[in-house]
Amino acid sequence: MSSTRFPRRLVLSLVMALGLASLSTGLTQNTSTSATAPTTAAAATAAVTFADEFDGPAGSAVDGGKWLTETGDNVSNHERQYYTAGTSNAALDGQGNLVITARKENPGNYQCWYGRCEYTSSRLNTSGRFTSTYGHVESRMKIPRGQGIWPAFWMLGADIGSVGWPNSGEIDIMENVGFEPGTVHGTLHGPGYSGSGGIGAGYTLPGGAAFADDFHTFAVDWAPDSITWSVDGTVYQRRTPADLNGNRWVFDKPFFLILNLAVGGYWPGDPDGSTTFPQQLVVDYVRVTTGEQSGGGPITGLAGKCADVAAGATANGTAVQLYDCNGTAAQKWTVGSDGTIRALGKCLDVASGGTADGTPVQLYDCNGTAAQQWATPAARDIVNPQADKCLDVSGGNSANGTRLQIWTCTGSANQKWTVTR
């Protein structure tokens, strides 16, 4: 689909005017296997760099040390809401959630670009509080529904004040427009690919389900020269500089986070007689992790030995092997909610996305492909669902340095692992 889109420039009380939330153009999914993934990522230091679980008494405000509250209207996108300060449109619910509420009201006699404002809502950002360059950016939320309702979770380049939009870059992690209840969009905007020319794709729930019916987890894995989108751990697109038709990639610098709930605008259209109010965007948490998450631990297998990154090296293609447990970072693995298993800032990967018995596993830049998806059932198998095969110690050999591989699951001791979470 396509639509006229403009930057979401606001009159703000706390920050300078920002950029837009994008339109996805619904481009074909573009994913890559580990054989073609970029090789420029450096090893990341394990860190949870930002987390807000929104714990606090019902009716209380968000943490001002983490979030700024924007105020004003938005003429550029022709949105209908006025973003308010305080807790009338953004407050904790006392059950571990942030609730952003859009209401059909105007108790403050707010003035919008079209006259007296008809709606109020809220928009929060971390500008000046938190920025990140790369990492796993994730939120679990339950979106609202209805014609003209437009929730978004996104990021803007922190240099927007000096370079402007779209040179700042914009990463839209999740957008939904009410006339598509079962579809969300992820999009990139930058110089030469902004507005209706943004580069992105949509993800649609199976079986005609609506996103407003339940909580869902929306995430990007962001690395040098690649960004990968997922919903509930299912990857639906990956973008690299090769997708930009020769335009400049502007996503190797700090970005800040934004949560908002808009009403109306060029893309979603205005509310109509079918739209009910209030509508709520309920956010369970927002988290940003870089590299592996803190708290990683050993994966112990045959003969009580550990899954180990050979020589603690971080180069793409480094062998993963069996070795005496020694507590080093090369043996500290985290099992992510996105289905990855990570060490030294990179992912456990089936070489070249192979599915045959004996395909070796390795360390590789996290790229969101099926070669880096793993299930860890109670039976103590570690399974790559794409291949439907188990993580296996080659030949059942317990010697240090024995290469790990995938193999048809047999239930044997060389396929049994204890994952420390």
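**Note on the salt bridges of this predicted model**

1. Arginine 342 and aspartate 221 form a salt bridge through their side chains, at 2.7 Å from N to O; the term denotes a side-chain nitrogen of Lys or Arg within 4 Å of a carboxyl oxygen of Asp or Glu. The two partners are 121 residues apart, arginine 342 in strand S24 (residues 341-343) and aspartate 221 in strand S15 (residues 216-223). Strands (E, at least two residues) are DSSP runs numbered from the N terminus. Both arginine 342 and aspartate 221 are buried, where buried means under 20% relative accessible area, exposed over 50%, and partly exposed in between (1.4 Å probe, protein chains only).

2. The model is predicted, so local features need pLDDT of at least 70 and side-chain atom pairs count only at pLDDT 80 or more, while totals for chains, interfaces and linings use all residues. Residues are numbered from 1 along each chain as its sequence is written, and side-chain values use heavy atoms, with hydrogens and water left out.

3. A second salt bridge joins lysine 305 to aspartate 324 (3.6 Å, N to O). Lysine 305 is in the loop between strand S20 (299-300) and strand S21 (306-309), and aspartate 324 is in the loop between strand S22 (318-323) and strand S23 (334-335), so the pair ties together parts 19 residues apart in sequence. Lysine 305 is buried at 15%, whereas aspartate 324 is partly exposed at 37% relative accessibility.

4. Salt bridges with shared partners also connect Arg80, Glu118 and Asp270 into one network. Within it, glutamate 118 meets arginine 80 at 3.6 Å, N to O.

5. In total, 13 salt bridges are counted by this rule.

Notes
Helices (H or I, at least four residues) and strands (E, at least two) are DSSP runs, numbered from the N terminus.
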